[in-house]
Amino acid sequence: MFDSVRDDLRATLDEIRAAGLHKPERVIGTPQSATVAVTAGGRPGEVLNFCANNYLGLADHPEVIAAAHAALDRWGYGMASVRFICGTQEVHKELEARLAAFLGQEDTILYSSCFDANGGVFETLLGPEDAVISDALNHASIIDGIRLSKARRFRYANRDMADLERQLKEADEGGARRKLVVTDGVFSMDGYVAPLDEICDLADRYGAMVMVDDSHAVGFVGPGGRGTPELHGVMDRVDIITGTLGKALGGASGGYVAARAEIVALLRQRSRPYLFSNTLAPVIAAASLKVLDLLESADDLRVRLAENTALFRSRMTAEGFDILPGDHAIAPVMIGDAAVAGRMAELLLERGVYVIGFSYPVVPQGQARIRVQLSAAHSTDDVHRAVDAFVAARAELEG
């Protein structure tokens, strides 16, 4: 039976390759850091890593690693259980309380990933008599989570407040019992920040709740690194924040929902990804507590990241590259043509800079780009070397 299936699968894989959409996996032989060693699938040897979500450079921070080692000795490796059976330790409850306090919410619930967190919210809170109004460029996990619910679905153009108001009006006219506006805090392909203050104003006007996936913001956006609600001064007006421990907060895995107490309480009882997935590994919970200690004790990492981001964006602009505007550490270098973006990424790797080209369907047709991501772990010299590599790669492509 599988012989016929095999032929179909091979044909699909051939189509993916022919369309230039195949995603090879480069193998890294070192810990995640500003510099990594590529052992397979690319230029061998040490390269500068400018495509990780390691915004604060904490993935290999010595204090985080030490906390992880200590946690293995105290709490063990894994719980072999879900939370409501025998999978809840003190370290899990401590992390939930710390995250809630850090984000200005009443409670927090941990998930094995932010994808699971987003997958577990909508079905639990919304029924067929409700409405969810989602930004058109929201993350795939939000889109999939909405699909799991029976709520009516409305979509508004990216960061378009006039369109959001139209969708809210339509939901009202349709008699929606509950309305939930959901947006990414930072849109991962563009580095654009959602206008949360304006979203909250509209939500208040139409009696809607507000949910933000702040995965690309918590830890370094806002005066205290508390994300886009802090940046826009609406921490007390956002009802649900989802996020990840796998980016700025140490780069491992795990996600969370920080929200009103009643929302979290219901998620503990009804959210399927929470009820039917193993507990977050205790070593990750303990290391994440150390990450929060580091974030709350100093802002040097946020300052360094901001400086690196400003330097890269200013130098690339001066060199004539098309960088989407903003000041986020996601700095998309717009190329346009998918094949050219892929070739430029290869040339950059040959010059010791590890980046990835993104093309359709991840981004719109004709808007291929190289998404550069800055880190506090990068030195000033690292940033200059990256820009110089872009200049040299472009010269080779044009030559």
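Let's start with strands S11 and S12. S11 covers residues 240-244, S12 covers residues 255-259, and the two run antiparallel, joined by five bridges. Gly 243 has Tyr 256 as its bridge partner in S12. Strands here are DSSP runs of E, at least two residues; helices are H or I runs of at least four, numbered from the N terminus. Pairing takes at least two DSSP bridges.

A word on the source. This is a predicted model, with local features needing pLDDT of at least 70 and side-chain atom pairs counting only at pLDDT 80 or more. Residues are numbered from 1 along each chain as its sequence is written.

Now the sheet. It is open, has seven strands, and reads S4-S12-S11-S10-S7-S5-S6, with mixed pairing. S4 (107-111) and S6 (152-156) are the edges; each has a single partner strand, so one side of each lacks a neighbour in the sheet.

On to helices. H5 (residues 114-125) and H10 (residues 261-270) have axes that come within 10 Å and cross at roughly 100 degrees. Axes are lines fitted to C-alpha atoms over the stretch in contact, and angles run from 0 to 180 degrees between N-to-C directions. So H5 is roughly perpendicular to H10, a label for 65 to 115 degrees. Contact means heavy atoms within 4.5 Å. H5 brings Gly 120, Val 121, Thr 124 and Leu 125; H10 brings Ile 263, Leu 266, Leu 267 and Arg 270.

Last pair. The axes of H14 (residues 338-350) and H15 (residues 380-398) come within 9 Å and cross at roughly 125 degrees. That makes H14 oblique to H15, oblique being whatever is left after under 35 (roughly parallel), over 145 (roughly antiparallel) and the perpendicular range.

Notes: Heavy atoms only, no water.
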